Amino acid sequence: MEVHATGVGYAATWANNAAQRESSALLAAEMDAKRNLLAWTNGVEIEAVTVVNQGKVEIDVIRQVVKGHLQGVTIVSQRYDDTTRQAQVTVMIALDPSDLP
């Protein structure tokens, strides 16, 4: 079974030239795709904290946590648009369905 995930990334604000913009956007998109792949294969932990003071909500934070290890991930496609400074990367991993939670 093959599982695919796509990620999107944008060029870093510190990037001074076209090569830096492209490489930083592609790296961000790859990391986003791997996070999406990991969330699909391992699941997501949701953590929520609410602080109430004198009957009013002061803090309400919801956080998504994805943890795990990916091995054998392959980049299937990647593209970068210098006009929008946006990259899109699709990754794939082959899994045995019995390994899924």
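**Salt bridges and a buried loop residue**

Modeller: In this predicted model, Arg35 and Asp32 sit about one helical turn from each other, because they are 3 residues apart in helix H1.

Colleague: What do the side chains of Arg35 and Asp32 do?

Modeller: They meet in a salt bridge, 2.3 Å from N to O.

Colleague: How many salt bridges does the structure hold?

Modeller: There are 4. Among them is the one between Glu30 and Lys34, at 2.8 Å from N to O. Both residues lie in helix H1, 4 residues apart. Lys34 is partly exposed, with 26% relative accessibility.

Colleague: And which residue forms a salt bridge with Arg21?

Modeller: Asp82 does, with the closest N and O atoms 3.5 Å apart. Arg21 lies in helix H1 and Asp82 in the loop between strands E4 and E5, so this pair ties together parts 61 residues apart in sequence. Arg21 is buried at 14% relative accessibility, while Asp82 is partly exposed at 38%.

Colleague: Changing topic, where does Ala11 lie?

Modeller: Ala11 is in the loop between strand E1 and helix H1. With 18% relative accessibility, Ala11 counts as buried.

Colleague: What is Ala11 in contact with, leaving aside its neighbours within four places in sequence?

Modeller: Arg21, Ser24, Ala25, Tyr80 and Arg85. Arg21 is 10 residues from Ala11 along the chain, and their C-alpha atoms are separated by 4.7 Å.

Conventions: Residues numbered from 1 in each chain as written. Predicted model: local features only at pLDDT ≥ 70, side-chain atom pairs only at ≥ 80, totals over all residues. Heavy atoms only, no water. Helix = DSSP H or I, 4+ residues; strand = E, 2+ residues; numbered from the N terminus. Buried < 20%, exposed > 50% of the residue type's maximum accessible area, 1.4 Å probe, protein only. Contact = heavy atoms within 4.5 Å.
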